[in-house]
Amino acid sequence: MFTSEIPNHSLNKKEFIKKLSAFLPKNGILHKEEDISPYECDGLSAYRNLPWLVVIPETIAQIQKLLQICNANNIPIVPRGAGTGLSGGSLPLSNGVLISLAKFNRILAIDPLNRTARAQPGVRNLAISEAVAPHGLYYAPDPSSQIACTIGGNVAENSGGVHCLKYGLTVHNVLALKILTMTGELISLGGTTLDYPGYDLISLMTGSEGLLGIIIEVTVKLLPIPEQTQLLLAAFSKVEKASNAVSAILSAGIIPAGLEMMDRLAIQAAEDFIQAGYPRDAAAILLCELDGNATEVIYQLEQVKTLLSSVGAIEIRTAENKQEQLKLWKGRKAAFPAVGRISPDYYCMDGTIPRKKLAEVLIQINKLSEKFKLLIANVFHAGDGNLHPLILYDGSKPRELERAEQLGAKILELCVAVGGTITGEHGVGIEKINQMCIQFGTEELKQFHEIKSAFDPNNLLNPGKGIPTLHRCAEFGATHVHRNSLLFPELERF
């Protein structure tokens with residue numbers, strides 16, 4: 001079944017609500033416009049659509065019953081966590097049910113000896129580290145939205161963060177999952193050991209964007225809090241020199257806990273917002289965090305300083321204490337909202353490239369910015385080549401959103417052209433679905449659809465997202481049609 005077309009049903013909403021009221025709490029079913037409006041989009045707010053119905057279950061049994069009813073009546077389901085996703089992955093459907101997992105917000109168990117934590121999907125990313133800190137432990141993946149994003153959403157999108165260079169993405173830090181299939185069947189994947197028999201379905205489920213199952217429990221790996229951390233800020237007169245510094249550090253065999261880059265526009269926006277102490281006149285800055293035992297950190301600190309000087313850093317600054325470290329990181333993690341203060345709208349891209357191509361790709365991005373006459377603030381995980389160009393635009397101006405989308409598409413195509421990929425951590429959703437046609441061939445897409453069909457044969461879980469139909473790819477290749485116009489003609493666009 002090679003299709004991603006959105007299923008249709010002809011159920012009467014009033015009768016359907018009555019059926020759900022038999023097992024769901026009254027305040028767990030939302031259908032009035034003023035109640036469902038907050039769910040009309042995720043972090044990709046340029047695309048909005050009111051759901052047919054929003055359901056907020058409180059127990060696994062309630063979700064199972066809901067899934068069984070929807071499966072029997074051909075009703076699509078869209079799972080939603082905190083809604084911080086940036087690719088339209090939890091964009092609701094006008095003929096489907098949106099399931100909010102907000103009430104599944106408990107940490108179920110902490111095992112300090114085995115260094116694991118078991119949590120419901122609605123637990124905030126940062127809350128895990130806060131809960132295990134008394135045991136001298138923490139959870140490493142830390143997306144910039146970690147104060148709000150949930151662990152279930154992190155698994156669905158395979159989120160990263162500033163420390164993914166050394167400690168990996170979500171997929172490298174999840175040991176076990178419990179999921180519900182579209183028929184309501186409860187499946188346990190993985191375990192608390194380092195290896196387990198059978199296929200690696202944990203990796204398959206991580207990053208599946210709600211297309212294969214609904215995550216209801218996550219067991220994560222915890223790490224000891226490092227004995228010492230040290231953060232350096234290095235400023236450069238040219239972005240190319242900052243890119244060369246990344247290669248120099250990693251080529252020396254040093255793996256920083258975090259290695260982040262920001263260009264001048266991002267620096268100035270963050271500085272105006274946070275006053276982190278960034279040098280406003282720098283073309284680019286690097287934030288390099290080293291962690292480990294005290295001897296190792298001191299030795300690597302001197303190595304990195306020497307390397308930064310050798311590639312032309314115009315300023316090298318070491319954070320004097322924990323408070324200064326937090327302040328410097330706060331500027332980086334607040335870069336997205338900071339850019340929102342200098343532009344009516346911005347469009348956040350997410351592509352990944354080989355590190356050696358950083359300078360080349362950034363030069364090309366600047367050329368694209370000039371061509372499309374739209375400013376771009378670059379903020380990215382330099383250590384693993386995960387780019388986050390923020391395209392500034394004004395959605396109130398005719399066709400300016402379309403121009404921003406076209407620019408974003410060109411950036412993603414550039415990433416593929418240099419040997420990279422269209423997404424590093426934000427997922428495909430609806431945003432990058434056309435670029436999937438560039439990244440993958442027909443046979444690969446067929447395999448993706450076969451996997452989807454094995455878990456969800458009726459294509460009811462988050463349909464229209466992630467994997468394009470072969471028909472869509474044929475049309476995109478022929479005409480480069482506007483993204484989303486084939487599967488989401490009802491979208492309200494701002």
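Residues are numbered from 1 along each chain as its sequence is written, and side-chain values use heavy atoms, with hydrogens and water left out.

Let me start with confidence. pLDDT is the predictor's confidence in each residue, from 0 to 100. The chain has a mean pLDDT of 93, with 96% of its residues at 70 or more. Over residues 481-494, however, pLDDT stays under 50. For that stretch the model has 56 contacts beyond four places in sequence, a contact being heavy atoms within 4.5 Å. Where pLDDT is low, the predicted coordinates should not be read in detail.

I turn to the cysteines. How many disulfides does the structure hold? There is one disulfide, the term here meaning a pair of cysteine sulfur atoms within 2.5 Å. It joins cysteine 437 to cysteine 473, with an S to S distance of 2.1 Å. The two partners are 36 residues apart and link distant parts of the chain: cysteine 437 lies in helix α15 (residues 436-439) and cysteine 473 in helix α17 (residues 470-479). Helices (H or I, at least four residues) and strands (E, at least two) are DSSP runs, numbered from the N terminus. Because the torsion about the S-S bond of cysteine 437 and cysteine 473 is about -80 degrees, this disulfide is left-handed.

Are these cysteines buried or exposed? Buried means under 20% relative accessible area, exposed over 50%, and partly exposed in between, with a 1.4 Å probe and protein chains only. Cysteine 437 is buried at 16%, and cysteine 473 is buried at 14%.

Two further cysteines deserve mention. For cysteine 41, the closest cysteine sulfur is that of cysteine 348, 15 Å away and therefore too far for a bond. Cysteine 149 has its closest cysteine sulfur in cysteine 164, at 13 Å, which is also too far for a bond. Cysteine 41 counts as buried at 14% relative accessibility, and cysteine 149 counts as buried at 2%.

Next come the aromatic rings. Rings of Phe, Tyr and Trp (its six-membered ring) pair if their centres lie within 6.5 Å; planes under 30 degrees apart count as stacked, over 60 as edge-to-face and the rest as tilted. The count comes to four aromatic pairs. One of them is edge-to-face, between tyrosine 138 and tyrosine 167, at 6.4 Å centre to centre and 85 degrees between the planes. Since tyrosine 138 lies in strand β8 (residues 137-138) and tyrosine 167 in helix α6 (residues 164-167), the pair ties together parts 29 residues apart in sequence. Both tyrosine 138 and tyrosine 167 are buried.

Phenylalanine 336 and tyrosine 346 form an edge-to-face pair, because their ring centres are 6.5 Å apart and their planes stand at 65 degrees. This pair ties together helix α12 (residues 335-340), which holds phenylalanine 336, and strand β17 (residues 345-348), which holds tyrosine 346. Phenylalanine 336 is buried at 13% relative accessible area, whereas tyrosine 346 is partly exposed at 28%.

I close with the lining of the second largest pocket. α16 (442-455) and α7 (201-205) each supply at least two residues of that lining. The largest share, three residues, comes from α16.

Technical notes. This is a predicted model: local features need pLDDT of at least 70, side-chain atom pairs count only at pLDDT 80 or more; totals for chains, interfaces and linings use all residues.
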